[in-house]
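Grab a pencil and have a go at these exercises before peeking at the solutions.

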Amino acid sequence: MKDAFGAPQSLLVLGGTSEIALATARRLIALRTRRVWLAGRPSPALDAAAAELRGRGAEVHTVDFDALDSASHEAALGKVFAEGDIDVVLMAFGVLGDQARDEEEPMAAVRVAQTNYTGAVSAGLVCAGALQAQGHGSLVVLSSVAGERARRADFIYGSSKAGLDAFAQGLGDALQGTGVQVMVVRPGFVRTRATAGLPEQPLATGPEEVAEAIVTGLRRRSETVWVPGSLRVVMTALRHVPRPLFRRLPV
């Protein structure tokens with residue numbers, strides 16, 4: 001459970017090679033997190049991430065996890081919770097896809113939706129149930145401002161994040177009074193390997209800025225976190241722009 005300093009002692013990351021998740025794990029380890037589980041497909045990158053966090057003083061384990069294999073989620077994640085309570089679950093997996101290709105190849109678009117939404121629904125419900133059974137914990141869901149309003153440039157990705165965001169909000173409402181908190185994180189453009197080569201968007205941030213916002217949000221027990229915070233105002237305005245005008249905006 002959280003210690004006297006308000007920091008979680010244990011962390012489960014779904015998407016164990018995510019740059020945002022690993023930046024968050026480093027910050028939490030510095031604050032007293034001592035046990036970390038990295039869930040992801042077996043790979044040298046996952047092993048390297050685990051080794052790096054061990055070097056920072058944490059006890060780190062890996063577990064095989066595939067967002068697309070929903071049938072395996074209950075067994076795979078159940079092994080983690082069977083080893084002891086988890087204070088924070090960070091759901092950080094997802095794919096951007098390629099909008100132009102995905103429009104031409106419907107099954108590629110389906111893969112984006114299944115990873116970002118269906119996989120998250122499955123894993124999120126499994127983790128929520130385990131957190132509720134132990135009576136405490138936080139589920140942090142990495143959403144995106146792309147889900148706030150569909151854009152021509154990325155409506156396949158954006159629609160998957162819109163579904164994820166709505167699911168996470170509803171799950172948070174369902175868990176009120178159980179001791180389990182759901183926190184939705186809505187970053188804008190984040191400079192990562194996944195976005196390398198893409199035109200940088202206004203109000204861009206990096207993994208460290210998102211990680212700092214996540215840790216602050218956990219301490220404050222926030223329900224929604226925008227990164228940067230100014231995006232809350234921007235998106236509030238954009239939601240009310242008439243569609244004919246919105247189509248012409250460079251967003």
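Predicted model: local features only at pLDDT ≥ 70, side-chain atom pairs only at ≥ 80, totals over all residues.

Residues are numbered from 1 along each chain as its sequence is written, and side-chain values use heavy atoms, with hydrogens and water left out.

**Exercise 1. Work out how α5 and α6 pack against each other.**

Step 1: find the helices. Helices are DSSP runs of H or I with at least four residues, strands are runs of E with at least two, and both are numbered from the N terminus. Here α5 spans residues 106–134 and α6 spans residues 155–174.

Step 2: look at the axes. These are lines fitted to C-alpha atoms, for helices over the stretch in contact, with angles from 0 to 180 degrees between N-to-C directions. The two axes come within 8 Å and cross at roughly 15°.

Step 3: classify the angle. Under 35 degrees is roughly parallel, over 145 roughly antiparallel, 65 to 115 roughly perpendicular, and the rest oblique. So α5 and α6 are roughly parallel to each other.

Step 4: get the hand. A crossing is right-handed if the near helix is turned clockwise from the far one by less than a right angle, and left-handed if anticlockwise. For α5 and α6 the crossing is right-handed.

Step 5: list who touches whom, taking contact as heavy atoms within 4.5 Å. From α5 come Ala109, Val112, Ala113, Asn116, Tyr117, Ala120, Val121, Gly124, Leu125 and Ala128, and they meet Ile156, Tyr157, Ser160, Gly163, Leu164, Phe167 and Leu171 of α6. Sorted by class, this contact has 13 nonpolar, four polar and no charged residues. Nonpolar covers Ala, Val, Leu, Ile, Met, Phe, Trp, Tyr, Cys and Pro; charged covers Asp, Glu, Lys and Arg; the others, Gly among them, are polar.

Step 6: zoom in on Ser160, which sits in helix α6. Its relative accessibility is 4%, so Ser160 counts as buried; the cut-offs are under 20% relative accessible area for buried, over 50% for exposed and in between for partly exposed (1.4 Å probe, protein chains only). Skipping residues up to four places away in sequence, Ser160 touches Val112, Ala113, Asn116 and Tyr117.

**Exercise 2. Compare how α1 meets α7 and how α1 meets α2.**

Step 1: take α7 (residues 207–220), whose axis comes within 8 Å of that of α1 and crosses at roughly 50°. That makes α1 oblique to α7. The crossing is right-handed.

Step 2: check the residues. On the α1 side are Glu19, Ile20, Ala23, Thr24, Arg26, Arg27, Leu28 and Leu31, and on the α7 side Pro207, Glu208, Val210, Ala211, Glu212, Ile214 and Val215. Their tally is nine nonpolar, one polar and five charged.

Step 3: now α2. The axes of α1 and α2 come within 11 Å and cross at roughly 20°, so these helices are roughly parallel. Again, α1 passes α2 in a right-handed crossing.

Step 4: Leu22, Ala25, Arg26 and Ile29 of α1 meet Ala49, Glu52 and Leu53 of α2.

**Exercise 3. Find the buried residues of α2 and say how they are arranged around its axis.**

Step 1: in α2 (residues 44–54), the buried ones are Leu46, Ala49, Ala50 and Leu53.

Step 2: down the axis of α2 they fall within an arc of 95°, so they line one face of the helix. The arc is that of the directions from the helix axis to the C-beta atoms.

Step 3: the cover over this face includes α1 (19–31), β2 (35–40) and β3 (59–64).
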